[in-house]
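This report covers one protein chain. The sequence and model are shown first, and the description follows.

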Amino acid sequence: MIKFLKRAAVCLLIAACVLGSSSPDVFAAKAVPVGKSPRILFIGNSFTYSNDFPDMVKKMAEQAGYKPRIETIAQGGYTLAWYADRKNTYGAQVYRKLTKKKWDYVVLQERSYSSVTEIKSMKKSLNKLIPYVRAAGAQ
């Protein structure tokens, strides 16, 4: 579990460094009042579901007084490039979720090593996905 959290933190740090210069507000989150039901969509891969990260977030949020409504789209080994492709089965699912529902937060998780080895692809994918994330009301 700790190994997973360390990897997740490293991936987030790398993403912040890569995106920071071109999109400084990418990681700016809005606050949801305690007692409310924030809608959270997780888009990722086995790192998302193997340790049931969405459920961990749900439990932490409930302990803090929130009633989160969480949905997950996660396929093992998937990259954000595949999710950004509407012709892909899971990519089409992502676009449906982002255009048919409103979200408070969307968590985009890149495949572990792709955030280091495929930076251009990750950035291109984020540039495709983030406008839909924001249009859905999410951060």
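## Terms and source

Axes are lines fitted to C-alpha atoms, for helices over the stretch in contact, and angles run from 0 to 180 degrees between N-to-C directions. Helices (H or I, at least four residues) and strands (E, at least two) are DSSP runs, numbered from the N terminus.

The model is predicted: local features need pLDDT of at least 70, side-chain atom pairs count only at pLDDT 80 or more, and totals for chains, interfaces and linings use all residues. Residues are numbered from 1 along each chain as its sequence is written, and side-chain values use heavy atoms, with hydrogens and water left out.

## Overall make-up

The protein has seven helices and three strands, in the order α-β-α-α-β-α-α-β-α-α from the N terminus. Of its 139 residues, 37% are buried (under 20% relative accessible area, with exposed over 50% and partly exposed in between; 1.4 Å probe, protein chains only).

Accessible surface comes to about 8000 Å², 58% of it belonging to carbon and sulfur atoms (Shrake-Rupley method, 1.4 Å probe). Among contacts (heavy atoms within 4.5 Å) between residues at least 6 apart in sequence, 77% join residues at least 24 apart.

Strand E1 spans residues 39-44, and six of its six residues are buried. In a regular strand the side chains alternate between the two faces of the sheet. In E1 both faces are covered, with Arg 39, Leu 41 and Ile 43 on one side and Ile 40, Phe 42 and Gly 44 on the other.

Two strands pair if DSSP finds at least two bridges between them. E1 runs parallel to E2 (residues 69-74), joined by six bridges, and pairs in the parallel sense with E3 (residues 105-108) over four bridges. Phe 42 stands opposite Thr 72 in E2 and opposite Val 107 in E3.

H5 and H7 pack at an angle of about 30°, with their axes 8 Å apart. H5 is therefore roughly parallel to H7 (angles under 35 degrees count as roughly parallel, over 145 as roughly antiparallel, 65 to 115 as roughly perpendicular and the rest as oblique).
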